Amino acid sequence: MIKIAVDAMGGDYAPHEIIRGSIDGARRYNAAVVLVGDKKIIQNELHQFDISDLSIKIIHTDESLIEGESPAFAIRNKSNSSIMLCVKLVRDGEADAVISAGPTGGLVASAVHILGTFEGISRPVIGGPFMGFASNTVLFDIGSNIDSRPEQLLNFAMMGTVYAENIMGIKNPTVALASIGSEEGKGNKVVREAYELFKKSGLNFIGNIEGNDIVNGKVNVVICDGFVGNILLKFSEGLSIAVSNWLEGRLSQNLPGEEKDKITVELRNCIRITTYNGVILYGVNGIICKAHGNSRAQDFSNIIAVVKNAVESDVVNKLRTGFCNIRKNKLPTTL
């Protein structure tokens, strides 16, 4: 049985929604769950549910990471935080994956510090499918690295290429840099310098891509730093809600409720980046999933299914092997 370590104390609605979702996910997807956090608080929550048929374990800690704390501070001063203990369980073979809705910076720093990264990667990256309207497009980075150097953007492009090839089955995926113009020379200093690296990389680089072309599926792998990517993520989330709510109001007088709901849900899923409110951190030696800070119980239950699938399909080894091969076969020795 797949065992998943859950940071019970991270997120806007922890611990109640996290625990409730973990219970539901464990039952629906036949997974074992280790809840890490304040034992007394967790037990009080668990007593509200019948979990006699489930494999649920508690590991106690009274430390947790707080939004706004620097990742370096967390590593130095909170070695027993719920996030760090979750990651240590993966390192020690006592869990197969981690899910946390806690601070992104602390989660990334803990994963790098405890698990290490693939050879040749300086920073891991969060990314994946962008939106339903562009189902064959992935976006890297969407929030794990706010400031990135040109060579790190190239790392992200390599990881995005490996993801598109190995996870999505896209042969020789096209790659583009998100910028303010499609012409070479457009963009800030980092993008312009990255452009020169990308041209020499051996990747299927087609140049810059503007925001209006991303949604059209013009390219398979879109690369940007986490600052830009996270804005795109949050904008898409907000837009999906605003547009579907507007459409629901317009249709409410003309269509039966069930048909109206079906249309608005389909539209929402076409606009927003993900339907399960969580993304996996790629480039570290273990499966670490960052859940959205506002994740509710249903989100967490769905994330358990995604993480379980990642474990069973051996995502880490596939991406590690693919990344090694792409460095060996495509990158010139001068990079």
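This is a predicted model: local features need pLDDT of at least 70, side-chain atom pairs count only at pLDDT 80 or more; totals for chains, interfaces and linings use all residues.
1. Ground rules. Residues are numbered from 1 along each chain as its sequence is written. Local features need pLDDT of at least 70, side-chain atom pairs count only at pLDDT 80 or more, totals for chains, interfaces and linings use all residues, and side-chain values use heavy atoms, without hydrogens and water.

2. The sheet. Eleven strands form an open sheet with mixed pairing. Their order is S3-S2-S1-S4-S11-S10-S5-S6-S9-S7-S8. Strands are DSSP runs (E, at least two residues), numbered from the N terminus; a pair needs at least two DSSP bridges.

3. Its edges. S3 (56-60) and S8 (204-209) each have a single partner strand, so one side of each lacks a neighbour in the sheet. The twist averages 25° from one strand to the next. Angles run from 0 to 180 degrees between N-to-C directions of axes, which are lines fitted to C-alpha atoms, for helices over the stretch in contact.

4. S5 (residues 125-131) and S6 (residues 134-140) run antiparallel, joined by four bridges. Gly128 faces Leu139 of S6.

5. A helix on the sheet. Helices are DSSP runs too (H or I, at least four residues). H2 (residues 39-46) lies across S2 (32-37) and S3, at about 155° to S3. Contact means heavy atoms within 4.5 Å.
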